[in-house]
Protein chains: 4
Amino acid sequence: MQLGMIGLGRMGANIVRRIAEDGHTAIGYERHSPHIDALASELGDRFAGTTELPKFVAMLDAPRVVWVMIPAGATGAVIDELADLLEPGDIIIDGGNSRYHEDIKRAKALRPKGIHYIDIGTSGGVFGRTRGFCLMIGGEAEQVSYIEPLLKSIAPGVEAAPRTPGRTGEPSTSEQGYLHCGPAGAGHFVKMVHNGIEYGAMAAYSEGMNILHKADIGKHLDAEHSAEVTPLENPEYYQFDIDIPEVTEVWRRGSVVASWLLDLTAAALYADPNLDSFGGRVSDSGEGRWTLDAAIDEGVPAPILSAALFQRFSSRGESLYADKVLSAMRKAFGGHHELPSE
Amino acid sequence: MQLGMIGLGRMGANIVRRIAEDGHTAIGYERHSPHIDALASELGDRFAGTTELPKFVAMLDAPRVVWVMIPAGATGAVIDELADLLEPGDIIIDGGNSRYHEDIKRAKALRPKGIHYIDIGTSGGVFGRTRGFCLMIGGEAEQVSYIEPLLKSIAPGVEAAPRTPGRTGEPSTSEQGYLHCGPAGAGHFVKMVHNGIEYGAMAAYSEGMNILHKADIGKHLDAEHSAEVTPLENPEYYQFDIDIPEVTEVWRRGSVVASWLLDLTAAALYADPNLDSFGGRVSDSGEGRWTLDAAIDEGVPAPILSAALFQRFSSRGESLYADKVLSAMRKAFGGHHELPSE
Amino acid sequence: MQLGMIGLGRMGANIVRRIAEDGHTAIGYERHSPHIDALASELGDRFAGTTELPKFVAMLDAPRVVWVMIPAGATGAVIDELADLLEPGDIIIDGGNSRYHEDIKRAKALRPKGIHYIDIGTSGGVFGRTRGFCLMIGGEAEQVSYIEPLLKSIAPGVEAAPRTPGRTGEPSTSEQGYLHCGPAGAGHFVKMVHNGIEYGAMAAYSEGMNILHKADIGKHLDAEHSAEVTPLENPEYYQFDIDIPEVTEVWRRGSVVASWLLDLTAAALYADPNLDSFGGRVSDSGEGRWTLDAAIDEGVPAPILSAALFQRFSSRGESLYADKVLSAMRKAFGGHHELPSE
Amino acid sequence: MQLGMIGLGRMGANIVRRIAEDGHTAIGYERHSPHIDALASELGDRFAGTTELPKFVAMLDAPRVVWVMIPAGATGAVIDELADLLEPGDIIIDGGNSRYHEDIKRAKALRPKGIHYIDIGTSGGVFGRTRGFCLMIGGEAEQVSYIEPLLKSIAPGVEAAPRTPGRTGEPSTSEQGYLHCGPAGAGHFVKMVHNGIEYGAMAAYSEGMNILHKADIGKHLDAEHSAEVTPLENPEYYQFDIDIPEVTEVWRRGSVVASWLLDLTAAALYADPNLDSFGGRVSDSGEGRWTLDAAIDEGVPAPILSAALFQRFSSRGESLYADKVLSAMRKAFGGHHELPSE
């Protein structure tokens with residue numbers, strides 16, 4: 001089967017590589033030729049590319065299947081341009097990190113032209129090339145079914161994890177690592193919630209590790225417990241020097257918190273045991289905020305996600321004004337003076 | 001009635017002043033004489049003091065009523081020393097910020113000696129001299145009743161607030177600003193929870209004010225929204241320059257969030273509109289932690305208090321290690337590089 | 001000065017009463033006549049009303065000042081209808097609980113017609129009639145200035161609270177209880193954040209009171225601490241029977257948490273000490289959600305507000321599915337069986 | 001090597017099975033004989049047992065290694081009894097879920113008798129028999145080293161997970177699934193934090209799944225959005241019927257949130273897609289509370305863990321009083337009536 005790929009960055013190129021490996025072919029579009037040339041020399045006759053969008057469309061067999069894999073901010077404009085070149089029956093796939101609201105609007109806008117729209121939330125990051133990508137898909141059933149040969153090649157496949165007890169017979173698509181989640185938007189919606197969970201799980205590990213990190217506080221009462229805070233009642237309970245890189249390693253085997261995130265964390269800590277290469281300013285990329293918006297709209301409590309998101313905001317200094325207000329209040333009612341930074 | 005006061009700092013001295021004003025007398029004990037001399041010259045024959053504890057005890061009429069008003073860390077030792085000098089029937093009051101666990105232990109330890117123990121949580125801060133102190137009391141009913149004339153003088157009195165609709169007749173002690181809450185420990189327990197609520201209310205104001213503070217974010221997209229975070233979808237909604245000192249002032253009259261804390265906040269912002277005299281490192285003094293401990297023991301959800309307390313911890317940099325872990329994870333699975341501090 | 005009032009429900013009627021009391025006059029519009037007739041007989045020649053919108057407009061002197069005080073859901077349609085009847089120079093005020101996004105859109109839409117738009121966040125609830133309404137105002141400076149005589153009558157006035165230390169001379173409008181916060185939308189924005197703070201402060205009190213409520217847990221270990229949870233380590237610390245109505249009363253005088261909300265809470269508990277008339281399903285009315293949306297957009301941590309909002313969601317059973325997932329996980333990895341409801 | 005095991009429940013028996021499988025032998029103690037007989041018939045000459053503690057001690061070769069694997073509440077008494085029977089040089093292991101405070105006290109108490117104490121936090125639950133147990137160990141280095149042959153058999157072994165990139169040569173003990181974390185108490189401390197992370201990660205999944213669960217709310221506006229809450233602004237964004245069992249399955253392969261907990265969750269949902277066998281009352285077993293206590297003592301923010309723990313409290317109805325307070329306040333200031341339960 002043939003796939004058109006717009007955007008040959010790391011993600012787009014790796015998807016092309018995975019389908020080429022399974023015997024499919026790809027046509028690529030990029031504004032600049034080096035990525036194209038590199039991929040062409042790597043994949044031989046399974047790949048051809050161009051820097052001109054009309055030519056790209058012309059190189060594709062109808063019904064065309066075009067996967068757009070570019071930054072979310074640029075996706076809308078490219079889809080508009082593309083839609084003018086495509087024909088009824090063609091399929092546009094947005095595999096990037098668009099907000100699902102956009103999918104719902106785009107699918108509606110493309111419908112009168114007879115162009116089908118599929119949104120695919122794609123998880124896997126830098127490891128997707130070898131590990132495969134987990135695909136969460138929204139769109140019309142017929143078109144999702146049509147592109148299934150490609151999805152099978154991009155997804156990890158059933159052997160990527162032990163089979164869930166009770167599941168027998170022909171593996172479901174979910175067991176192969178791709179899932180049609182519902183109409184347009186459903187793919188990015190499920191991916192968005194996936195990332196919301198990711199925020200929470202990451203925060204759970206980081207918080208626990210911080211508690212381990214401070215387990216020696218009973219040894220450093222002068223430095224840590226200045227007049228700023230109440231004295232520690234039981235310093236004898238906080239005399240531990242925990243080797244956190246080793247702890248993350250031991251948890252990888254047999255423990256309840258074993259996970260892929262933990263595998264990565266153990267590797268990161270093995271390489272940089274004190275995390276000296278990081279300053280602690282944590283970015284957020286939209287999905288966490290959008291998931292929280294959805295929780296608010298739905299009236300669903302999301303204390304974990306909100307705490308995780310707010311920690312990131314705070315890590316970038318966004319609590320400062322609120323903190324100053326607290327100090328001003330304490331001075332006002334209790335005459336408490338703020339202690340200087342150490 | 002006569003009161004013995006151990007500790008003539010701001011709180012102790014102001015309590016002495018309030019009872020002297022009502023015709024009671026006080027004997028004071030302090031390690032150093034200047035505080036004693038100052039108070040003696042201010043209050044005339046209503047006050048006498050000494051720097052020797054045995055002499056202090058001898059100056060008091062039996063049954064002695066001794067109020068200990070010194071830092072929580074020093075209270076235990078002084079009470080032990082005092083207990084050796086007192087006689088059966090005497091009363092020790094701890095009016096400081098002891099953890100209520102201590103009260104329960106002390107009352108039990110003093111019982112065989114026939115010495116009575118009363119704990120009084122005392123709220124009012126630097127304004128207590130004129131505003132009166134709110135008194136939350138734990139101990140035996142008979143002894144609490146015995147010291148009531150003093151409590152009436154120290155508390156704000158019924159006229160300090162409009163009478164609650166429905167309450168008629170002789171005002172209850174709660175309406176006068178003091179309350180016997182239960183046996184030993186109950187006073188500090190209620191005061192502890194009071195402070196827990198205070199943490200939460202303070203945090204509520206500070207958080208809302210931070211949201212007002214950033215209401216101009218739509219004007220500063222370049223500076224604020226770097227590649228670090230998702231682009232703001234609707235910058236037109238964040239074009240406000242809110243005058244926060246004026247907002248806190250307007251809320252003081254007629255709004256649902258009018259409060260004494262807000263009064264103080266409005267005053268602090270009027271004096272220092274940009275809070276330039278604060279750095280944002282917020283201390284915590286024990287009661288918040290103890291209230292949270294109690295919530296955990298009781299199995300009662302305390303999301304507000306915990307968030308308020310953790311914000312204070314974070315304001316002092318205690319999230320840093322956790323934040324570095326998050327950045328390390330993001331780099332590991334997504335190849336995301338941490339942005340440098342601005 | 002003359003005011004046109006659309007909507008003569010409790011809020012609208014009370015605003016009319018306050019301005020009439022100060023010598024202003026009002027024209028009222030309501031779909032049904034009883035409210036009109038009642039107000040006319042109460043206020044005499046200071047009030048006239050009609051059930052027809054064109055007639056209402058005709059009864060007003062130009063430039064017309066029309067205050068719309070109806071449920072947020074109905075406001076938009078009425079303003080559209082009204083705008084067709086008004087003339088350049090007239091002023092529409094939305095005094096209800098609209099989301100500030102609507103204000104920004106409406107002001108923009110009315111501008112070509114020369115009609116001015118002012119949004120006023122109005123706090124005070126059922127007590128506004130006597131206590132006065134706290135007014136947070138968005139709009140053009142010239143028009144806000146024009147309606148100031150009305151604002152002065154509606155607001156509580158400077159004597160409603162002791163003057164903030166440091167403020168001298170002619171009281172600012174904020175001291176009188178009304179404030180021009182910025183352009184269209186700024187009034188409802190500030191009111192929205194006000195309500196967000198209100199959510200947080202309410203939750204702080206309710207949480208503290210819950211901790212007091214369970215202070216007797218050490219007496220009921222069999223009932224409370226079944227096999228469901230870990231045994232309480234120190235039951236001797238949880239033997240208190242706290243009289244919560246009395247505690248809220250004593251806090252009203254001299255304590256740091258004294259507030260108008262606490263006054264109301266003390267009154268509610270005096271009337272219904274065990275809160276038997278409530279079931280614990282807590283509604284939310286939009287402002288809390290919108291404030292949280294704003295915090296997310298601004299990248300400002302809002303842990304207090306989110307916790308307060310999520311508690312309300314949970315009180316209505318919205319955690320149930322998540323809770324079932326937790327029980328399913330616990331059974332899966334630990335073989336733990338869920339205990340039945342008591 | 002020989003191990004004495006006190007307690008032959010699921011965990012104790014499975015540990016015995018794992019060491020027997022590797023050629024070690026075990027002596028078991030239980031109050032009742034059936035468990036002993038069953039294990040003896042299963043393991044042949046690698047196991048013998050008794051219901052008498054002195055006989056148990058006599059059957060062990062010095063220096064004795066006794067693993068206590070019984071409920072935390074009973075552990076202290078058994079260790080006391082055991083200590084009277086052991087000799088200097090013998091080793092007691094507490095492999096249960098004791099709070100690490102107890103370990104520190106016990107090790108100190110046993111030291112004068114020359115008895116060594118090791119605490120082992122043991123993770124693995126019902127799957128430990130085949131998957132191996134993750135072992136977090138506290139105690140003196142010499143004794144931990146002495147029992148290493150047993151630890152190797154109980155732990156999962158290096159092949160249980162892919163090797164962390166960068167690690168080469170002889171696998172560390174952490175790579176084999178056991179780790180000496182520090183002196184007495186360190187093992188249970190690390191296990192406690194492990195469970196704290198587990199609480200947070202579980203809550204992250206459950207919360208995300210709840211957001212998926214309500215993704216159809218736009219279809220049910222009448223039922224869900226009564227007058228109780230603000231109308232949903234964009235119902236078109238909430239029209240999804242997400243198949244949550246399938247989503248958890250697809251996330252198992254290639255996604256960032258793949259984990260052992262997710263594996264179990266997918267299995268639980270496959271067996272009971274609507275979770276009808278659960279009522280949503282979630283227990284907590286101590287470790288979460290203790291981790292939060294440690295965070296408070298250390299002054300480390302723990303917003304994730306506290307939110308996770310408080311959700312469990314709420315699931316058992318522990319917010320009810322606070323919720324009633326909120327409703328009482330809303331009625332007091334706004335005249336809002338609480339809506340009845342559906």
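This is a predicted model: local features need pLDDT of at least 70, side-chain atom pairs count only at pLDDT 80 or more; totals for chains, interfaces and linings use all residues.
Which residues are buried in helix α5 (residues 100-110) of chain B?

## Helix α5 of chain B

In chain B, helix α5 spans residues 100-110, and its buried residues are B:Y100, B:H101, B:D103, B:I104, B:R106, B:A107 and B:L110.

What do these buried residues pack against? Within chain B, the partners are helix α4 (72-85), the strands β5 (91-94) and β6 (116-123), and helix α10.

## Where chain B meets chain C

Now for the contact between chains. Chain B puts 94 residues into its contact with chain C, and chain C likewise puts in 94 residues. The size of an interface is often given as the accessible area lost when the parts come together. For chain B and chain C, that comes to about 7800 Å², with 68% of it on carbon and sulfur atoms.

On the polar side of things, 38 residue pairs are in polar contact across the interface of chain B and chain C, counting pairs with both residues at pLDDT 80 or more. Helix α10 (residues 186-213) of chain B gives the most to the side that touches chain C, namely 17 residues. Sorted by class, that side of chain B has 56 nonpolar residues, 21 polar ones and 17 charged ones. The interface of chain B and chain C also has four salt bridges. One of them joins the side chains of C:R167 and B:E246, with 2.8 Å from N to O.

## A closer look at B:Q176

B:Q176 sits in helix α9 (residues 173-176) of chain B. Is B:Q176 buried or exposed? The cut-off for buried is under 20% relative accessible area, and B:Q176 has 16% relative accessibility, so it counts as buried.

Setting aside neighbours within four places in sequence, B:Q176 is in contact with B:K152, B:A155, B:P156, B:G157, B:V158 and B:P171 in chain B, and with C:R253 in chain C.

## Two-fold pairs

How are chain B and chain C related?

## A loop residue in chain D

D:K113 is found in the loop between α5 (100-110) and β6 (116-123) of chain D. With 38% relative accessibility, D:K113 counts as partly exposed, because that class runs between the 20% and 50% cut-offs.

Which residues does D:K113 touch, leaving aside its neighbours within four places in sequence? They are D:A83, D:D84 and D:P88. As for D:E30, its C-alpha is separated by 25 Å from that of D:K113, and the two residues are 83 residues apart along the chain.

How values were computed. Residues are numbered from 1 along each chain as its sequence is written. Chains are lettered from A and ligands numbered from 1 in the order in which they are written. Side-chain values use heavy atoms; hydrogens and water are left out. Contact means heavy atoms within 4.5 Å. Buried area is the accessible area (1.4 Å probe) that two parts lose on being put together, summed over both. A polar contact is a pair of N or O atoms within 3.5 Å; within protein, one must be able to donate a hydrogen and the other to accept it, and residues adjacent in sequence count only if both atoms are side-chain atoms. Helices (H or I, at least four residues) and strands (E, at least two) are DSSP runs, numbered from the N terminus. Ala, Val, Leu, Ile, Met, Phe, Trp, Tyr, Cys and Pro count as nonpolar, Asp, Glu, Lys and Arg as charged, and the others, Gly among them, as polar. Buried means under 20% relative accessible area, exposed over 50%, partly exposed in between (1.4 Å probe, protein chains only).
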